[in-house]
Amino acid sequence: MNILGPSRAFRAAGLFKTSKFTRKTFKRGLAAAAGELKRTPLYDFHIQNGAKMVPFAGYSMPLAYGDVGQVASHNHVRTSAGLFDVSHMVQSNFRGPTASEFMEWLTPSSLISMNPYNSTLSVLLNENGGIIDDTIITKHSADAYYVVTNAGCRDRDLPWMRAKLEEWNKSERGKEGPVEMEVLEGWGLLALQGPEAASYLQTLTSFDLTRLTFGTSAFVPIEGFNLHVARGGYTGEDGFEISIPPSQTIDVANLLSKTPVQLTGLGARDSLRLEAGMCLYGQELNEEISPIEAGLAWVISKERREAGGYIGAEGVKKVIKEGPSKRRVGLIIEGAPARLGAKILTPSGGERLGTVTSGIPSPTLGKNIAMGYVKSGWHKKGTEVEVDVRNKLRKAVLTPMPFVTPKYWRG
């Protein structure tokens with residue numbers, strides 16, 4: 001599967017000694033790391049397991065473990081199972097009689113019609129329709145929602161959501177029943193990912209995991225712990241994201257990290273998500289980019305695109321009416337991998353078309369893959385372009401994403 005040798009691909013990815021991966025992929029995290037870094041509940045667990053810790057989103061997070069390279073970790077998740085600490089993510093509950101109506105104002109997703117214990121990717125939008133953050137929303141009932149947002153956006157998201165909540169509760173609609181927000185501070189969040197994730201987790205529970213399909217969740221008994229388990233993840237593989245109370249996080253991490261599961265850090269997480277065609281906030285997404293440009297129009301139902309009724313609706317309608325000026329695309333690049341900021345050009349290097357937002361040598365495909373934005377009209381699959389990689393033009397072809405076939409469990 002991996003035609004590059006692990007050490008060669010590891011050097012090509014710019015990890016550890018050159019620290020390019022840390023400097024570029026984690027750039028948005030380093031800004032928040034100027035002061036003292038925060039720690040997840042599993043910081044000591046990571047140190048005990050030989051983790052190489054790096055700053056990310058204001059936290060000290062594991063990049064890799066021991067002498068296991070990024071490519072080897074990546075391939076283990078693709079062929080077996082890996083465990084990721086994602087406890088730096090912000091977990092919140094929204095509860096109240098008008099919670100569904102509030103969430104449909106806060107986000108463009110159709111949540112009232114969604115079944116309980118179903119989840120959806122969504123976005124928080126500013127008044128102009130730009131993306132403040134991407135988020136996973138799980139509906140527990142009409143009056144209860146569980147929401148996960150990005151750690152790197154915490155200082156923007158939380159005050160904004162609290163302000164919108166206060167505005168809602170003072171409005172006529174909010175007076176029908178106020179909504180409360182609870183941030184689950186100190187809680188753990190673990191992602192168990194890979195083709196052997198389900199069979200391993202099944203050994204720890206009497207709950208029939210075949211009933212839990214992609215995009216659904218349940219409270220599952222795991223060796224005496226009753227935990228919120230959502231089927232999904234950030235790798236393109238089958239897997240689970242497990243929310244854990246503070247007092248139980250270390251015990252659950254120990255339960256979930258036995259053979260064949262391998263502890264996996266941010267290095268492999270980034271290459272896995274890029275192969276899966278998933279966005280990273282601060283690179284593919286920001287407040288100047290609309291969900292239409294980002295290829296996330298699907299998170300807004302056709303009815304809501306027309307009817308609006310959510311924050312940022314007029315901005316989204318404007319982009320739909322006038323057409324997006326740019327589009328998020330995938331690329332396969334000849335010769336050398338392109339990194340964040342590389343220019344995308346017309347053939348022969350004539351006109352600037354856009355910019356690469358993420359790029360790696362793909363461990364699974366053995367090719368250089370990238371994601372970026374190009375001018376509308378140049379976004380069709382199969383379009384040939386050139387990419388400026390360290391002052392040398394490289395041929396590239398626009399390629400549909402995801403780069404690897406998803407293996408989600410749909411029953």
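Strands (E, at least two residues) and helices (H or I, at least four) are DSSP runs, numbered from the N terminus. Two strands pair if DSSP finds at least two bridges between them. By that rule, S1 and strand S3 (residues 59–65) are parallel partners, joined over 2 bridges.

The sheet is open, has 3 strands in the order S1-S3-S2, and shows mixed pairing. Strand S1 (38–39) and strand S2 (51–56) stand at the edges; each has a single partner strand, so one side of each lacks a neighbour in the sheet. Helix H11 (residues 266–275) lies across S2 and S3. H11 runs at about 80 degrees to S3. For such angles, axes are lines fitted to C-alpha atoms, for helices over the stretch in contact (heavy atoms within 4.5 Å). The angles run from 0 to 180 degrees between N-to-C directions.

## Confidence and conventions

Residues are numbered from 1 along each chain as its sequence is written, and side-chain values use heavy atoms, with hydrogens and water left out. Local features need pLDDT of at least 70, and side-chain atom pairs count only at pLDDT 80 or more, while totals for chains, interfaces and linings use all residues.

pLDDT is the predictor's confidence in each residue, on a scale from 0 to 100. The protein averages 92. A score of at least 70 is reached by 91% of the residues. Residues 1–34 stay under 50. For that stretch the model has 67 contacts beyond four places in sequence. Where pLDDT is low, the predicted coordinates should not be read in detail.

## Buried helices

Buried means under 20% relative accessible area, exposed means over 50%, and partly exposed lies in between (1.4 Å probe, protein chains only). Helix H5 (residues 70–79) has 8 of its 10 residues buried, so the rest of the structure largely encloses it. Among these buried residues are Gln70, His74, His76 and Arg78. Ser73 also lies in H5. Ser73 is buried, at 5% relative accessibility. Beyond four places in sequence, Ser73 touches Val68, Gln262, Thr264 and Ala268.

Helix H6 (residues 99–106) has 7 of its 8 residues buried, so H6 too is largely enclosed by the rest of the structure. The buried residues of H6 are Ala99, Ser100, Phe102, Met103, Glu104, Trp105 and Leu106.

## Rings and charges

Rings of Phe, Tyr and Trp (its six-membered ring) pair if their centres lie within 6.5 Å; planes under 30 degrees apart count as stacked, over 60 as edge-to-face and the rest as tilted. By this rule there are 6 aromatic pairs. Phe94 and Phe102 form a tilted pair, 5.9 Å centre to centre, with 35 degrees between the planes. Phe94 is buried, at 0% relative accessibility. Phe102 is buried as well, with a relative accessible area of 0%. One aromatic cluster holds Phe94, Phe102, Trp105 and Trp168.

A charge sits over a ring if NZ of Lys or CZ of Arg is within 6 Å of the ring centre and within 35 degrees of the ring normal. Arg211 lies over the face of Phe207, at 4.6 Å from the ring centre. Arg269 lies over the face of Phe84, and here the figure is 5.9 Å.

## Antiparallel pairings

Strand S12 (residues 225–231) has 6 of its 7 residues buried, so the rest of the structure largely encloses it. S12 runs antiparallel to strand S11 (residues 217–222), and 6 bridges join the two. Ser217 has Ala230 in S12 as its bridge partner. The S11 and S12 hairpin has 2 residues between the strands, and Glu223 takes a positive phi near 50 degrees there. S12 also pairs with strand S13 (residues 239–244), in the antiparallel sense over 4 bridges. His228 has Ser243 in S13 as its bridge partner.

Strand S15 (residues 326–333) and strand S18 (residues 368–375) run antiparallel, joined by 8 bridges. Arg328 stands opposite Tyr373 in S18. S15 pairs with strand S20 (residues 392–399) too, antiparallel over 4 bridges. There, Ile332 faces Val397 in S20.

## Pro178 in its loop

Pro178 sits in the loop between helix H8 (172–175) and strand S9 (180–183). Leaving aside neighbours within four places in sequence, Pro178 contacts Arg95, Gly96, Pro97 and Asn169. Thr205 is 27 residues from Pro178 along the chain, and their C-alpha atoms are separated by 37 Å.
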